[in-house]
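User: I am new to this structure. Please show me how to read its main features.

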Amino acid sequence: MTALAASRMVCHECDLVVDIPELAVNDKAYCPRCSYLLASNRPNAFSKMFAYSVAALIFLALANAFPFLSLNASGHEQSVTLPESVAVLFNEDHVLLSAIVFATIIGVPAVLLLGIVYVSIAIRLPQGLPGTRRALRWSLNLIPWSMAEIFLIGILVSFIKIVSLANVALGMSFWAYVAFTVFLILVLINIDRREVWRRVQAVRNG
Ligand SMILES: [Zn+2]
């Protein structure tokens with residue numbers, strides 16, 4: 001566990017320029033004018049970010065491998081996997097929609113997490129890894145385009161609607177996707193942009 005170096009930053013809320021002292025583990029720095037949380041030194045934030053990213057990627061892979069939902073209406077049962085549900089849109093000529101759905105629920109979160117894993121490895125290696133800064137910039141820019149949690153809420157709402165029409169069972173992939181979303185949220189909570197950038201800046205070849 002290491003202390004966070006002293007730095008100067010502008011408060012996101014009130015634009016006050018604040019000198020932040022060195023922060024020991026579990027220390028937090030608040031804006032003296034508006035009490036906004038400016039920085040915090042969470043214990044093992046980088047190890048957690050790495051571990052949660054790997055766990056999220058594993059659950060995302062599992063979510064694509066097994067039945068997501070199965071429907072049983074008048075004796076006819078059909079189950080669908082996550083990639084199949086995107087393919088259905090594609091086959092019904094909703095090409096753009098299927099691309100957006102694929103990107104926001106699978107593609108973007110996967111690239112974002114791979115980028116974070118790459119950056120987490122790069123900042124631990126003495127010789128660094130090429131393209132670390134670009135990987136971090138891309139990962140951070142992709143965060144608003146990841147909509148896993150919105151997709152889950154949508155699934156639950158439609159689940160409540162369909163359940164009166166047919167027998168619907170949630171498959172293993174659904175639960176894997178729930179676990180993936182939880183880990184993804186944990187990754188996003190644990191990213192301290194200021195500190196990640198500071199570490200990446202120090203990476204050689206980055
Ligand atoms: Zn402030």
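User: How many residues does the largest nonpolar core have?

Analyst: In soluble globular proteins, nonpolar side chains tend to be buried together. A nonpolar core is a set of buried Ala, Val, Leu, Ile, Met, Phe, Trp, Tyr and Cys residues joined through C-beta atoms within 7 Å. Here the largest one has 31 residues. Ala56, Phe59, Ala63, Val119, Phe180, Phe183 and Val187 have the most contacts inside it. Helix H1 (45-63), strand S5 (67-73), helix H3 (95-122), helix H4 (132-142) and helix H6 (172-190) each supply at least two of its residues. Helices (H or I, at least four residues) and strands (E, at least two) are DSSP runs, numbered from the N terminus. This is a predicted model: local features need pLDDT of at least 70, side-chain atom pairs count only at pLDDT 80 or more, and totals for chains, interfaces and linings use all residues. Residues are numbered from 1 along each chain as its sequence is written.

User: Which residues of H4 are buried?

Analyst: An α-helix has 3.6 residues a turn, so residues three or four places apart point the same way. Buried means 20 or more other C-beta atoms within 10 Å of a residue's own; exposed means 12 or fewer; partly exposed is in between, with C-beta atoms placed from the backbone. In H4, Thr132, Ala135, Leu136 and Ser139 are buried. They sit on the same side of H4, because they cover an arc of only 95 degrees around the axis (by directions from the helix axis to the C-beta atoms). Arg134 and Asn141, on the other side, are exposed.

User: Is Gly75 buried or exposed?

Analyst: Gly75 is exposed, because it has 5 other C-beta atoms within 10 Å. Gly75 lies in the loop between S5 and strand S6 (76-81).
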